[in-house]
Amino acid sequence: SKIMERTMSTQQVEPHRERRGRPKTSTRHRYATVAVIEALRIARQEQGISQKKLANMIGYNSSCLSGAEVYLRRPRISFLVEWAQALGYDVVLQKRQ
């Protein structure tokens, strides 16, 4: 499937909940992160991989993955890259047009 090539509407996804003590993130950054996480979650489900199995594959606790998928945690880029690679995807930066 071309899951990573799908464009996701920012209105379809709930924004990340802000927590106390954390710096506020710009709305654009929040929606972009949510879109990436949503695409990775869908890819994981389409491949039939459980959260626990994927977490073991990338060397993290399953609660980290679960928290990211329900937008309770803001994962680091390195975590998202490892997640994508474990599912067989590359992370590519592309200049906006």
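A helix here is a DSSP run of H or I that is at least four residues long, and helices are numbered from the N terminus. I77 has its place in such an element, helix α4. The model is a predicted one.

## Overall layout

The protein chain holds 4 helices and 0 strands. Read from the N terminus on, its elements run α-α-α-α. The chain has 97 residues, and 31% of them count as buried. Take the contacts between residues at least 6 apart in sequence: 59% of these join residues at least 24 apart.

## The core

Which residues of the largest nonpolar core touch the most other members? They are L40, L54, L65, F79, L80, W83 and L87, out of 17 residues in that core. Four helices each supply at least two residues of this core: α1 (27-46), α2 (51-58), α3 (62-69) and α4 (77-86).

F79 is one of these core residues. Leave out residues up to four places away in sequence, and F79 touches I58, Y60, C64, L65 and A68.

W83 is another of the core residues named above. W83 is found in helix α4. Is W83 buried or exposed? Its relative accessibility is 0%, so W83 counts as buried. Not counting residues up to four places away in sequence, W83 touches I37, L40, R41, L54, I58, L65, A68 and E69. L40 lies 43 residues from W83 along the chain, yet their C-alpha atoms are separated by 7.5 Å.

## How the helices pack

Two packed helices are described by the angle between their axes and the distance between the axes. Start with α2 and α3. Their axes come within 8 Å and cross at roughly 115°. The crossing of α2 past α3 is right-handed. On the α2 side, Q51, K52, L54 and A55 make the contact, and on the α3 side, S62, L65, S66 and E69 do. Sorted by class, this contact of α2 with α3 has 3 nonpolar, 3 polar and 2 charged residues.

Now take α2 and α4. Their axes come within 10 Å and cross at roughly 110°. How do α2 and α4 lie, roughly parallel or roughly perpendicular? Angles from 65 to 115 degrees count as roughly perpendicular, so α2 and α4 are roughly perpendicular to each other. L54, M57 and I58 in α2 meet F79, E82, W83 and A86 in α4. By class, the contact of α2 with α4 has 6 nonpolar, no polar and 1 charged residues.

What is its burial class? E69 has a relative accessible area of 6%, and buried means under 20%, so E69 is buried. Leaving aside neighbours within four places in sequence, E69 is in contact with I37, R41, R44, Q51 and W83.

R44 is one of those partners of E69. R44 has its place in helix α1. At 7% relative accessibility, R44 counts as buried. Its contacts, again leaving aside neighbours within four places in sequence, are I49, S50, Q51, L54, L65, E69 and L87.

V70 and Y71 are next. V70 is found in the loop between α3 and α4. Y71 lies in the loop between α3 and α4 as well. Most residues other than glycine have a negative phi. What is the phi of Y71? Phi of Y71 is near 65°, a positive value in a residue other than glycine.

I77 belongs to helix α4.

| Residue | Relative accessible area | Class |
|---|---|---|
| V70 | 45% | partly exposed |
| Y71 | 14% | buried |
| I77 | 65% | exposed |

I77 is exposed because its relative accessible area is 65%, and exposed means over 50%. V70, at 45%, is partly exposed.

Definitions and conventions: Residues numbered from 1 in each chain as written. Predicted model: local features only at pLDDT ≥ 70, side-chain atom pairs only at ≥ 80, totals over all residues. Heavy atoms only, no water. Core = buried A, V, L, I, M, F, W, Y, C linked by side-chain atoms within 4.5 Å. Buried < 20%, exposed > 50% of the residue type's maximum accessible area, 1.4 Å probe, protein only. Contact = heavy atoms within 4.5 Å. Axes fitted to C-alpha atoms, helices over the stretch in contact; angles between N-to-C directions. Left-handed = near helix turned anticlockwise from the far one by under 90°. Nonpolar A, V, L, I, M, F, W, Y, C, P; charged D, E, K, R; others polar. Parallel < 35°, antiparallel > 145°, perpendicular 65-115°, else oblique.
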